[in-house]
2 protein chains.
Amino acid sequence: MRRRALLGAGGLAALAAGGAALAADDPAVRGPAAAPGPPGRIPFHGPHQAGILTPRQACARLAALDLTPGADRARAAALLRAWTVAAERLSRGEPPGEADADTGVALGAGPASLTVTFGFGAGFFDRTGLASARPPALAPLPAFPGDRLDPARSGGDLFLQVAAADPFAAVHALRALQRIARGAAATRWEMTGFTRPSGTGAADGTHRNLMGQLDGTANPDPAADRAQRDRILVTGPDAPGWLRGGSYVVVRRIRMLLDHWEGLPVHHREQAVGRRVTDGAPLTGGTERTPVDLDAARPDGVPVIAANAHIRLAAPKTNSGATMLRRGWSYYDGPRPDGAPDAGMLFVAWQTDPGTGFLPVQHRLARGDALARYVEHEASALFVAPRGAAPGEWIGQALLEG
Amino acid sequence: MRRRALLGAGGLAALAAGGAALAADDPAVRGPAAAPGPPGRIPFHGPHQAGILTPRQACARLAALDLTPGADRARAAALLRAWTVAAERLSRGEPPGEADADTGVALGAGPASLTVTFGFGAGFFDRTGLASARPPALAPLPAFPGDRLDPARSGGDLFLQVAAADPFAAVHALRALQRIARGAAATRWEMTGFTRPSGTGAADGTHRNLMGQLDGTANPDPAADRAQRDRILVTGPDAPGWLRGGSYVVVRRIRMLLDHWEGLPVHHREQAVGRRVTDGAPLTGGTERTPVDLDAARPDGVPVIAANAHIRLAAPKTNSGATMLRRGWSYYDGPRPDGAPDAGMLFVAWQTDPGTGFLPVQHRLARGDALARYVEHEASALFVAPRGAAPGEWIGQALLEG
C-alpha cells in the first residue's frame, strides 16, 4: 500500500474556466521569453519569489540546510541578508560577491534563467525563537501508508531551490550559497533534477516523466488565471505580512520502480494512468486537453477509466478545491547497490495551504492509486516560502525583524 | 603525489598546422547543424562510430557492462547485433524495438543528437575466445602514483557512451540497451555527465570545467585537420579490419576537491593552470588561442609560467606527438557522506594508441602537476572502439565473425 500524487493534481481543471488574464502584471510569471533585461534573466525582486510561478527550467539543484547548533535569530538574519544579495547578483549572471574570489564556473552562461527560491521548515521557527510565528499550516505532514522515508533526506530548516537553463549556472549558484552559509547552516540533503531543455523537441508542451507519461496536463496555469494563483500563493488578508505573496511547498522524492513498470504491456500502463502514452489523451477519447469522462463504460459495462486509475482518483470531481502547482523535475542517479535504477521524480508542489492542497489529494490516492505499486516515496519535506523581497529588502526580513 | 591530465592534452597545438580540410567527407564529424535528415540527427552508420568525432552533446550516460558468466562468442555476437539495431533506431528518434513495448520516455524528443558509442575492454576478448585478437595497445593501464581507483567503477568488458542533447533521450537509450543486454551482460558501473547545452551562453566555444577553467583550448579539431584525425582514429595499414577506423578511449573519473580549490585566491588558481580564468589566455599574454611562451620571465627572473603549471607540463614542447581528443563531461552528484562535493570530470579521451596518447601525458603530469593536489582519480578504464558499422552490418561483426 503506497500512496502517490504523481500525475494530475486534483481539482485544477475545474478552476481553469473562471479567472481573468493577468500575465502582464508580474514579471516572474512571464518567464524568460517575455522578461525584461538580457535574455534568460528572471527578475529576483517582486511580490513573489522567483521560481514559483516561473516557467520550469531544465536543471534543478534542491537542497535543505540545518541551522548550526547555537545559531540564533541574528545569525539566521545575517545569512538571509547575505543570501539575498548573492541570489540577486547570480540571477543577473554576475558572481555572487567579489569577482576575484569566484572560480568562474558560470562565466559565459549569462543569467541562464537562474532562480533561487528560499523556504523555511518548521525547525527554522523553533531555532530562531520564532515558534509563536510558525504558521499552523507548517505542521509536519502525516505519515502516509507505504511511505519509505529516509529521514536524512527529508525535512530541514532551510530550503533552497536553485534552477537554471544551464547546469553550470545552477551548480555555481548552489555552491556559492552553501559557501555563504558556512558557520551558520550546514547542508542536510541535496538532490539534482532535470526536465527537457527549452528549445528541444516538445519542451514547451506538457513534460514527460521517466514513466513515459505526459505529466502535468491538469496543472494550473497561473499566468492565465488569477483564481488559480490565489490557490497557489498565500493571498488572504489574515496572513502575516511576511507570508502574504508566499507559498507552501511540498517536496517528495518519488522513486519509480522502472524495472517493473517498463515490463508492463502498454495497455496495462495506460489503464493504470487513464491516459494514452502517445499523446496524453484520456482513454475516453479526444486529445490531451479533452476532459475525461469518468462515467464512460465499454459495451460490457466495464468503466473505460478503471476504478483505481490515477486520473480518476485525482480528478476534479474527486478532489474539488485541491490545488497545487506541480513544478518538479525528474532524477536519474544511476543504479542503486541492488542494481535497480535510482530514478524518479523530485515532486515539488506549491500551494496556498497543504491542508487544502497536497494532503487531500495524497489521502485520496492513498485509497488505491493503480500507480502506487510502481513508485516509492523516499523523502519528504514541507517548507513555507516567504513573500518576495523588494529592492533593498532581504528574504524573510519582515519575519525575522517582525 | 597525484597525477592528472585535466587541461590541455599535450602536443596538440604543434600538430594543428599541417592538416588539410576534410570536414565534408564524414557526416559524423559535421555534427547536428550540418548533418542530413531531421534536425539533431547524427547518422549511426559510417566508417567511424558516432560519438567520437561528433561535437559534444549536453548530456552523457556512460556505462560499462560485464558479460554474464558463461556467455560465449555467440551470445556476445547476438547482443551486439541487437544493440546495433536498437542504437540505429534510437539515433533516428525511434523506439528501439516494438513501439508498443516502449514506455515513451523519449517521445517528442526527436533524434536529439543521440549517439551510442560501443567499446570493448580486455576482458571482452578473453571471455569470447578472442584473446589472440586482443590488440597489444589494450594492455591494462599502469597504476599512476596518487590514483585512488575504485575497482567497482573501473574497467568492464563492454563500454557504452550514450550522449544526447536531451536527458530523456539519453536515459531512454541507455535503459533500452541495458534491457536488451539482460541475460548476456550486466551493468558494472554507470556515470552521468553534463556540459553546457548548445544554444545557451558560450556553449559553442571551449567548455569550462567545474574548476572554472576553460578546458580543451588545445584539443585537436579533427574536422579541420586530417593529420590530427590520424592520431585519434586507428588508420594504419597494419591494423586489423575490425579496428581500422576505430579508436581507443581512456575513461577516468576525476574528482575535483572543490572545497580546497574554491578557497584559493585567483592568482594562485591561475598560476596552477598557467592561464587566466576569465578568457583562458596564457599568463604570458594574448587571447585563448595565443601560444604560451614558456621561456617568458618576470623582471626578477621568475618564470611567468611556473615550473609545475599544468600547461607547462602538458605543452606541445614537453609532449610532442602525444595526441588525444578529450571529449569529457562534468559531473556533480551532490555531497558525499563526508560532506565534500562528489563532483569533477568524466575524462573521456580518444586516441590512436594510448601508448602515444594518454600514457606519456599522464606520466609527465605525474612528475608534479600543480593541479594534482586538487583532484583525485577515482575510476579508470580503457576500451577499444571498433570501426563504425556499414548499413546491414553490426558493430564488432568483423571481429566476432573474423
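In which sense, parallel or antiparallel, do strand 5 and strand 9 of chain A pair, and over how many bridges? In this predicted model, strand 5 (residues 247-256) of chain A pairs with strand 9 of chain A in the antiparallel sense, and the pairing extends over 10 bridges. One of the residue pairs is formed by Ser247(A), whose bridge partner in strand 9 of chain A is Ala385(A).

The contact between the chains draws 38 residues from chain A and 38 residues from chain B. On the side of chain A that touches chain B, at least two residues each are supplied by helix 4 (167-181), strand 4 (185-194) and strand 7 (329-335) of chain A. Strand 4 of chain A provides the largest share, with 5 residues. By residue class, this side of chain A consists of 19 nonpolar, 12 polar and 7 charged residues.

The arrangement of the two chains was examined by superposition. Chain A is superposed on chain B by a rotation of 180 degrees with 0.0 Å of shift along its axis, at an RMSD of 0.0 Å. The two copies are thus related as by a two-fold rotation axis. Of the interface residues of chain A, 100% are also interface residues in chain B, so the copies meet through the same surface.

Technical notes:
Residues are numbered from 1 along each chain as its sequence is written. Chains are lettered from A and ligands numbered from 1 in the order in which they are written. This is a predicted model: local features need pLDDT of at least 70, side-chain atom pairs count only at pLDDT 80 or more; totals for chains, interfaces and linings use all residues. Two residues are in contact if their C-beta atoms, placed from the backbone, lie within 7 Å. Helices (H or I, at least four residues) and strands (E, at least two) are DSSP runs, numbered from the N terminus. Ala, Val, Leu, Ile, Met, Phe, Trp, Tyr, Cys and Pro count as nonpolar, Asp, Glu, Lys and Arg as charged, and the others, Gly among them, as polar. Copies are superposed by least squares on the C-alpha atoms of residues with pLDDT of at least 70 in both. Two strands pair if DSSP finds at least two bridges between them.
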